Amino acid sequence: GVMVQGWKTKKFGDVTRIANGQVNPTERPYCDLIHVAPDNISLHTGRLDKNLKTASDLGLTSGKYEFDEKAIVYSKIRPNLNKLCIPRFKGTCSADMYPIWVKDSHELDIEYLFQYMLSDHFYKPAVAASMRTGLPKINREDLNLINIHIPSLPEQQKIAAILKTWDEAIEKTEWLIETKKKYRDGMAYRLLFGGARHPKFIKGSGIQKHRWFSLPQDWKFVRIGSVADEYSQKNRGGGDLPVLSCTKHRGLVNSLEYFGKQIFSIDTSTYKIARRGHFAYATNHIEEGSIGYQDLYDQALISPMYTVFDADDKKVHDGYLYKLLKTETYRHIFESNTSASVDRRGSLRWKDFSKIFIPLPSRAEQEYISNVIDEFQNEINQFEQHKSVLTRQKRGLMQKLLTGEWQVKVDGKAMEAA
């Protein structure tokens, strides 16, 4: 693109200095300094964990780089993860990262450089350079050749301030999402195990104690097998139906779309059919919470490594049962049943799974519980949408502001556009 008047294009290596020479994290003062590793930075956000430890707390012994309050710390391994931050303190970092300083702070503002490095203008050439070497990392020589577009210092500061406003809004939204999730989980637990109830359902005040939890006296406590049946129809005709996989957090997903490649076998005639409203769990991995509810397609296929079952709609509300089986409590119960099962491979077949007991309030109360938890979830979904809008807006702003396509006003007058 044409450079805007007053903007310069410089090579990264001409305007920055990358740390040279490592320090020993077992010696003072380095052992007592906070240590930063790639895992401490969230991808594409430039955000650093709050809970960091010193090199000696972590028992680190191999060479590290030292950085100070003025440095950007950039992860040179897997540049596609786009991990960098401005720690704003003195510390050490993994040898897989580079501390980077601006050579002349009158020419280049560190906050502007930070936003520039987070943007596609830097990210794309960095990833391309690491692709060429065939290794998932970028070396100094390649970093130093990347172009940086630089306006006047006041413009840089203004641009960085605008982008930082978006960062703060995104971070605040994430904090709200996390807070609401904790609240949802706490409320879900109380609702699913009868700790919090709507008065209209309460028929008595007694408590029944069980191994993993206590329940209201007026709830039933039944084996899964008494309210659900295994369903094991195979795809005999080899029909072409979507193939599903189960993920811990998202439940059942379309395997091709989710993994972006085919991880299932071409011959799906041994696969099981899972109809809408069926449950499926990974027979060998249920203790990881790998259970899902099929509400994506009228019918779909799932690998024979899964157990598929169907709950009796007259006795059980599917939403209630799914939320119950997804709790951490039930993950523990599956884990203890798996290790106790005869099968060495730690699988939990229907025969054993169906013997597990579950709390069962009235069908109406089950539905009420499920709906209340859904309302919490809908609120979280709205915040998630807000977050993705903000993230898209920020990307758009970076695109326009870091090229000079949109001019910023400095001291009340816009810099002259070409």
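This is a predicted model: local features need pLDDT of at least 70, side-chain atom pairs count only at pLDDT 80 or more; totals for chains, interfaces and linings use all residues.
Reader: Which residue in S10 stands opposite Thr-16?

Author: S2 and S10 run antiparallel and are joined by three bridges. Opposite Thr-16 stands a residue of S10, Val-102.

Reader: Is Asp-104 buried or exposed, or does it fall in between?

Author: Asp-104 belongs to the loop between strand S10 (97–102) and H3. Its C-alpha is 7.1 Å from that of Val-15, although the two residues are 89 apart in sequence. Buried means under 20% relative accessible area and exposed means over 50%. Asp-104 has a value of 33%, so it is partly exposed.

Reader: Is Gln-115 buried or exposed?

Author: Gln-115 is part of helix H3. Leaving out residues up to four places away in sequence, Gln-115 touches Ala-160, Leu-163, Lys-164, Asp-167, Lys-394, Met-398 and Leu-402. Because its relative accessibility is 3%, Gln-115 counts as buried.

Reader: Are helices H3 and H4 parallel, perpendicular or oblique to each other?

Author: Two packed helices are described by the angle between their axes and the distance between the axes. For helix H3 (residues 110–118) and helix H4 (residues 120–133), the axes are 4 Å apart and the angle is about 55°. An angle under 35 degrees would count as roughly parallel, and 65 to 115 as roughly perpendicular. H3 and H4 are therefore oblique.

Reader: How many nonpolar, polar and charged residues has the contact of H3 with H4?

Author: On the H3 side, Tyr-116, Met-117 and Leu-118 take part, and they meet Asp-120, His-121, Phe-122 and Tyr-123 of H4. By class, the contact has one charged, one polar and five nonpolar residues.

Reader: What is the bridge partner of Ala-228 in S22?

Author: S15 and S22 run antiparallel, and three bridges join them. The bridge partner of Ala-228 in S22 is Ala-311.

Reader: Is Ala-300 buried or exposed?

Author: Ala-300 is a residue of strand S21 (residues 299–302). Apart from neighbours within four places in sequence, its contacts are Leu-241, Pro-242, Leu-244, Lys-272, Ile-273, Ala-274 and Gln-294. Its C-alpha lies 29 Å from that of Gln-382, a residue 82 places away in sequence. Because its relative accessible area is 0%, Ala-300 is buried.

Reader: How many residues apart are Phe-309 and Trp-350, which form an aromatic pair?

Author: The whole structure holds 25 aromatic pairs. In the one formed by Phe-309 and Trp-350, the ring centres are 5.2 Å apart and the planes lie at 35°, which is a tilted arrangement. The pair links distant parts of the chain, since Phe-309 is in strand S22 (residues 306–311) and Trp-350 in helix H10 (residues 350–353), a separation of 41 residues.

Reader: Are Phe-309 and Trp-350 buried or exposed?

Author: Phe-309 has 0% relative accessibility and so counts as buried. Trp-350 has a relative accessible area of 13%, so this residue too is buried.

Reader: What kind of pair do the rings of Trp-350 and Phe-353 form?

Author: Both residues lie in helix H10, three residues apart, about one turn of the helix. Phe-353 counts as buried because its relative accessibility is 0%. The ring centres of Trp-350 and Phe-353 are 5.7 Å apart and the planes stand at 35°, so the pair is tilted.

Technical notes
Residues are numbered from 1 along each chain as its sequence is written. Side-chain values use heavy atoms; hydrogens and water are left out. Rings of Phe, Tyr and Trp (its six-membered ring) pair if their centres lie within 6.5 Å; planes under 30 degrees apart count as stacked, over 60 as edge-to-face and the rest as tilted. Helices (H or I, at least four residues) and strands (E, at least two) are DSSP runs, numbered from the N terminus. Buried means under 20% relative accessible area, exposed over 50%, partly exposed in between (1.4 Å probe, protein chains only). Axes are lines fitted to C-alpha atoms, for helices over the stretch in contact, and angles run from 0 to 180 degrees between N-to-C directions. Angles under 35 degrees count as roughly parallel, over 145 as roughly antiparallel, 65 to 115 as roughly perpendicular and the rest as oblique. Contact means heavy atoms within 4.5 Å. Ala, Val, Leu, Ile, Met, Phe, Trp, Tyr, Cys and Pro count as nonpolar, Asp, Glu, Lys and Arg as charged, and the others, Gly among them, as polar. Two strands pair if DSSP finds at least two bridges between them.
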